[in-house]
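Please take a moment to look over the sequence and the 3D structure shown below, and keep both in view while you read.

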Amino acid sequence: MYVQKHIHWRVIWDYSWKDLLIFIVYDLTLAILHGPLGMTWLDIPWQLVSILGVAVSFYVGFKNSSSYNRFNEARQLWGGIVNRSRNWTMLVLANTQPARTDLTPEQVSYQRQLVYRQLAWVNALCLHLRRQTKEQWNQAVAPFLDPAESDYLRITVNPPAQLLLRQSQALQEADGLFDDLQRHALVEDLRELTNLQGGSERIKNTPFPRQYAFSSVVFVWIFIALLPLGLLAEFEKMGHGHYWFTVPFSVLVSWVFVTIELVGHISEDPFENRMNDVPMTTLCRSIEIDLRQMLGETALPQPIQPVNGVLY
């Protein structure tokens, strides 16, 4: 996620320099054909181009709104994961309050294991959504699990779902650690975490409807192709030679439309670990710091800082 207030011009340039080069060559070619070579029959009425531009702008706006809604829902789901992870830890550790001073070292260790498995689930879900490799698993998930449990989960189809199942089983095996009411509250938390994982997987596994995404690109490029043909005659009305103004103004308008379409395109899938996606790695680190601090640990990792204005 890009977190700086202003986007650096180099970021914009990296995204658009190829398109700008195409626009300049295309518009310059049409200006030469219209002026020096006298092919004025290429001109088309500006009114037709204007009507098409209005229609395309509405269509692209619809696509961008739908794409942003996907990103916004993904960020809300991960906001829920952050809150539920904290809530899970507070419920697990509630028995360590002064009202319960009879916890055995084994029970305290079991509580810690439940919290660490939650950290493993958060990081496993991040890797699962990004389709990342086993190497990342060893770095992000394995440190929070027993080696045998980690080796088993790593080869499963859906490690986060298996971790939630293991948490549910662990609650039943925690003899004397939780009463029925506390166990029920923890099971409800697991149910909500399952819903949050399912919502994230739905966004990940359901691509933005191709009929909208593809049509948007086609319509924008049709408009860009016709735009200079409509501007040539309009600028020529200002006087002979003014048709050269078609090049800079057509390039500018074309760049605006392509950029708007691109903004919608890069927001379609918010779990790809790109600069505009949900910063799951940063959120996982924030959850880790909070939960380990609740356990009373002091050797905590540092919060992740933006790299060139981007949080991943």
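How are α1 and α8 oriented to each other: parallel or oblique? Before the answer, a word on what is shown: this is a predicted model, in which local features need pLDDT of at least 70 and side-chain atom pairs count only at pLDDT 80 or more, while totals for chains, interfaces and linings use all residues. Residues are numbered from 1 along each chain as its sequence is written, and side-chain values use heavy atoms, with hydrogens and water left out.

The helices named here are DSSP runs of H or I with at least four residues (strands would be runs of E with at least two), and they are numbered from the N terminus. Two packed helices are described by the angle between their axes and the distance between the axes. Each axis is a line fitted to C-alpha atoms, for helices over the stretch in contact, and the angles run from 0 to 180 degrees between N-to-C directions. Helix α1 covers residues 9-34, and helix α8 covers residues 210-236; their axes come within 10 Å and cross at roughly 40°. The two helices, α1 and α8, are therefore oblique to each other, since angles under 35 degrees count as roughly parallel, over 145 as roughly antiparallel, 65 to 115 as roughly perpendicular, and the rest as oblique. The crossing of α1 past α8 is right-handed; a crossing has this name if the near helix is turned clockwise from the far one by less than a right angle, and it is left-handed if the turn is anticlockwise.

With helix α6 (residues 159-173), α3 forms an angle of about 165°, and the axes are 8 Å apart. This angle makes α3 roughly antiparallel to α6, and their crossing is left-handed. With α7, in turn, the axis of α3 comes within 11 Å and crosses at roughly 10°, which makes α3 roughly parallel to α7; here the crossing is right-handed.

W121 lies in helix α3 and is buried, with a relative accessible area of 1%, where buried means under 20%, exposed means over 50%, and partly exposed is in between (1.4 Å probe, protein chains only). The C-alpha atom of W121 is separated by 6.0 Å from that of L163, although the two residues are 42 residues apart along the chain.

Charged side chains make another set of contacts. A salt bridge is a side-chain nitrogen of Lys or Arg within 4 Å of a carboxyl oxygen of Asp or Glu, and a search of the whole structure finds 17 of them. In one of these, the side chains of D290 and R86 meet with 2.9 Å from N to O; this pair links distant parts of the chain, with D290 in helix α10 and R86 in helix α2 (residues 46-92), 204 residues apart. K204 forms a salt bridge with E272, the closest N and O atoms being 2.3 Å apart, and this pair joins helix α7 to the loop between α9 and α10, across 68 residues. K204 counts as buried at 12% relative accessibility, whereas E272 counts as partly exposed at 35%. R191 and E188 also meet in a salt bridge, at 2.3 Å from N to O, but they are separated by about one helical turn because they are three residues apart in helix α7 (residues 180-205).

Most residues other than glycine have a negative phi. N273 is partly exposed, with a relative accessible area of 29%.

On the surface, finally, W9, W13, W17, L21 and V25 form a nonpolar patch with about 570 Å² of accessible area together. Patches are made of residues with over 30% relative accessible area and no salt bridge, with like charges joined within 9 Å and nonpolar side chains (Val, Leu, Ile, Met, Phe, Trp, Tyr) within 5 Å; accessible areas come from the Shrake-Rupley method with a 1.4 Å probe, and for residues only the protein chains shown count as cover. V25, one of the patch residues, is found in helix α1 and is partly exposed, with a relative accessible area of 48%.
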